[in-house]
Amino acid sequence: MNEKEYLNIDEVAAKLNVSTETLERWVDNDRFPCIFEDGEPRFAVDEIETWMSTHLESAHERLSRAAAAVRTAPRPGNSLFELLSRGGIFYNVEGDLPGQAIANAMRLMQLPHNIDREQLIGALQEREKVFSTAIGHGVAIPHTRTPVIENEPDTRVGLFFLRSPVDFRALDREPVGTIFITLLADRKNHLRILQRIGYFCCQPDFMNLVRRRASREEIFEFLDVNRPMEG
């Protein structure tokens, strides 16, 4: 029987396109298979390949399936048109790192009066450190671990086009040029709104608008026309 081949944490992190800190968190939370030798994690190559085949499917594809499963129309105020009307669409957002891009984006977005902007930026940045919110194809959806909006009518989504693509450590390795930031009131609504975003990110016509950074008017017109189809 052939002896198993093992890799160290730096080699596996490079293979998965994640930081060693992220991989350490996965190990600490029993989310990635490994053994320990002299206190150091070791990773069997065959187990890595199995894990990748079952877990590293593009988040964009998972959202695609979720979006395809949506059969109920959005509740009043929760269509992507309405959510973006409250959150806004912004262009040429600066930032060389995910945390910088998120912070600069959030300083442009209008927030409910009771939200501490800097505290919210910190929560978004901390969530991004734990696990990349990139869904593939140059898009990321930063969000907090817990709801931050008290009243559902204040929920909103911001769409931000970055001045230059940023490495969000996406599983497809494509740098992110577009981010949707979601500020939501409850977890169930968070899933619904992710499905809404996923629905549109699966539409070639919408993604063409995103890729060419279409005007606010064009984007809102597309979303308005497609509101009846969103569910």
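**Exercise 1.** Work out how helix α9 and α10 pack, starting from the angle of about 165° between them and the 10 Å between their axes.

*Solution.* Helix α9 covers residues 204-211, where helices are DSSP runs of H or I with at least four residues, strands are runs of E with at least two, and both are numbered from the N terminus. The axes are lines fitted to C-alpha atoms, for helices over the stretch in contact, and the angles run from 0 to 180 degrees between N-to-C directions. The angle of about 165° makes α9 roughly antiparallel to α10, since angles under 35 degrees count as roughly parallel, over 145 as roughly antiparallel, 65 to 115 as roughly perpendicular and the rest as oblique. The crossing of α9 with α10 is left-handed, a term used if the near helix is turned anticlockwise from the far one by less than a right angle, with right-handed used if clockwise. In the contact (heavy atoms within 4.5 Å), D205, F206 and L209 of α9 meet E218, I219, F222 and L223 of α10.

The model is predicted, so local features need pLDDT of at least 70 and side-chain atom pairs count only at pLDDT 80 or more, whereas totals for chains, interfaces and linings use all residues. Residues are numbered from 1 along each chain as its sequence is written, and side-chain values use heavy atoms, with hydrogens and water left out.

**Exercise 2.** Describe how helix α5 and helix α10 pack, and name the residues in contact.

*Solution.* Helix α5 (residues 80-87) and helix α10 (residues 216-225) lie with their axes 8 Å apart, at an angle of about 150°. The two helices are therefore roughly antiparallel to each other. On the α5 side the contact is made by L80, F81, L84 and S85, and on the α10 side by F220, L223 and D224.

**Exercise 3.** Find the handedness of the crossing of α6 and α7, and the residues that meet there.

*Solution.* Helix α6 (residues 98-106) packs against helix α7 (residues 117-130) at an angle of about 150°, with 9 Å between the axes. That makes α6 roughly antiparallel to α7, and their crossing is right-handed. From α6, P98, G99, I102, A103 and M106 meet R117, L120, I121, L124, Q125 and E128 of α7.

**Exercise 4.** Locate the two partners of the salt bridge between K4 and E47 along the chain.

*Solution.* The whole structure holds six salt bridges, each a side-chain nitrogen of Lys or Arg within 4 Å of a carboxyl oxygen of Asp or Glu. One of them joins the side chains of K4 and E47 at 3.1 Å, N to O. K4 lies in the segment before β1 (6-7) and E47 in helix α3 (residues 45-55), so the pair ties together parts that are 43 residues apart in sequence.
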